[in-house]
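Subject: Structure handover and notes

Dear colleague,

I am passing on the structure below, together with some notes on what was found in it. Please read the notes with the coordinates open beside you.

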Amino acid sequence: IVISVLGFADPRGNAKANQQLSNRRAQTVINYIKQSGKVLPGRVLGASAMGEMHIPVEKPSAAELQGARKVTVRVLTSAAHLSQ
């Protein structure tokens, strides 16, 4: 089992700054997971900065912008572990 952490930002502002922000979001979650002591540090993959999340409307609402500012955590396992 490994854990993948993806950070996102809303599309407002500078693309480079949003890339850095999404990386900081993901790294903060990784730090929390590692400090919790419940997951071996080697099981957590590095932070993945996804940058700006695309919102498919011309003028997104405040709720849509808020939903774009997120971190997604995925728990990945091999198919061999699932069949046992």
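The notes below begin with a helix and then turn to the sheet.

Please keep in mind that this is a predicted model, in which local features need pLDDT of at least 70 and side-chain atom pairs count only at pLDDT 80 or more, while totals for chains, interfaces and linings use all residues. Residues are numbered from 1 along each chain as its sequence is written, and side-chain values use heavy atoms, with hydrogens and water left out.

Helix α1 covers residues 15-36, where helices (H or I, at least four residues) and strands (E, at least two) are DSSP runs numbered from the N terminus. After the helix comes G37, with a positive phi near 80°.

The residues N18, S22, A26, I30 and I33 of α1 are buried, that is, under 20% relative accessible area, as against over 50% for exposed and in between for partly exposed (1.4 Å probe, protein chains only). Seen down the axis of α1, the buried residues fall within an arc of 110°, so they line one face of the helix; the arc is that of the directions from the helix axis to the C-beta atoms. K16, R24, T28, Y32 and Q35 are exposed on the other side.

N18 has a relative accessible area of 6% and, neighbours within four places in sequence aside, is in contact (heavy atoms within 4.5 Å) with A9, D10, P11, R12, G13, G51 and E52.

The buried residues of α1 pack against β1 (2-9), β2 (44-52) and β3 (71-76). These 3 strands form an open sheet in the order β2-β1-β3, with mixed pairing, two strands being paired if DSSP finds at least two bridges between them. Because β2 and β3 stand at the edges, each with a single partner strand, one side of each is left without a neighbour in the sheet. β1 and β2 run parallel and are joined by 5 bridges, and V5 has A47 in β2 as its bridge partner.

Best regards
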